[in-house]
Amino acid sequence: MDNDIEISRERMENMLAIERQNRILANLQINQTALVSELSKEYSVTEETIRRDLEKLERRGLVKKTYGGAIYGQDIQMDAPFKLRPRRNVNPEDSLRIAKNAAELVLDGETVMIDASACAIHFIRALKPKKNLRVITNSVEILTAFGFGRNMKIISTGGILQDSGLSLAGSAAEQTIRFFH
């Protein structure tokens, strides 16, 4: 009998954990982010319990754990928010030098893939003298600034707009990249 009670309590705790995880997931789907401390208070459990819940959700590919919390999404872009990312203000000389060196490796008529990184704009500017380039990018900034280049054919990966990085991500973007790879 005591053994049956133990099993029932264990099943109950597991069911409650699953229910709590589903509620955490629903919360993240709505709010996109959550803090461990806030979830702990909301569900009246320890922060360690919430961390374990988030680890389980992360293993299932539903959330991404961050320092002190989690963000929602299967295709998470872990860039800093676009407005806060170091663009042309932090070490612009280094970014420019890297971009120019990389552009020297690209030959006329080649295809290059450019991400939404801080060096990307410097790199595409350094490519301007090249002829008949095909550029595949997930960068919204590159699409809007260079989408009508005469010597470049700019191809968007498509996908879900990631506001944090002003980039496109997700399965559509991955399929496009696989197609060209």
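Biologist: What is the mean pLDDT of the chain, and how many of its residues reach 70 or more?

Modeller: The mean is 78, and 77% of the residues reach 70 or more; pLDDT is the predictor's confidence in each residue, from 0 to 100. This is a predicted model, where local features need pLDDT of at least 70 and side-chain atom pairs count only at 80 or more, while totals for chains, interfaces and linings use all residues. Residues are numbered from 1 along each chain as its sequence is written, and side-chain values use heavy atoms, with hydrogens and water left out.

Biologist: Where in the chain is confidence lowest and where is it highest?

Modeller: Helix α1 (residues 2–31) is lowest, at a mean of 68, and strand β4 (residues 111–114) is highest, at 92. Over residues 74–89, pLDDT stays under 50.

Biologist: Why is α2 called roughly perpendicular to α3?

Modeller: Helix α2 (residues 36–43) and helix α3 (residues 47–59) pack at about 110°, with their axes 8 Å apart. Axes are lines fitted to C-alpha atoms, for helices over the stretch in contact, and angles run from 0 to 180 degrees between N-to-C directions. Angles of 65 to 115 degrees count as roughly perpendicular, so α2 is roughly perpendicular to α3.

Biologist: Which residues of α2 and α3 meet?

Modeller: Val36, Ser37, Leu39, Ser40 and Tyr43 in α2 meet Glu47, Ile50, Arg51 and Leu54 in α3, where contact means heavy atoms within 4.5 Å. They divide into 5 nonpolar, 2 polar and 2 charged. Ala, Val, Leu, Ile, Met, Phe, Trp, Tyr, Cys and Pro count as nonpolar, Asp, Glu, Lys and Arg as charged, and the others, Gly among them, as polar.

Biologist: How do you know that Ser44 is exposed?

Modeller: Exposed means over 50% relative accessible area, buried under 20%, and partly exposed in between (1.4 Å probe, protein chains only). Ser44 has 67%, so Ser44 is exposed. Ser44 lies in the loop between α2 and α3, and its phi is positive, about 50°, although it is not a glycine.

Biologist: Why is Asn132 called exposed?

Modeller: Asn132 has a relative accessible area of 62%, so it is exposed. Asn132 sits in the loop between α5 (120–126) and β5 (133–137).

Technical notes
Helices (H or I, at least four residues) and strands (E, at least two) are DSSP runs, numbered from the N terminus. Angles under 35 degrees count as roughly parallel, over 145 as roughly antiparallel, 65 to 115 as roughly perpendicular and the rest as oblique.
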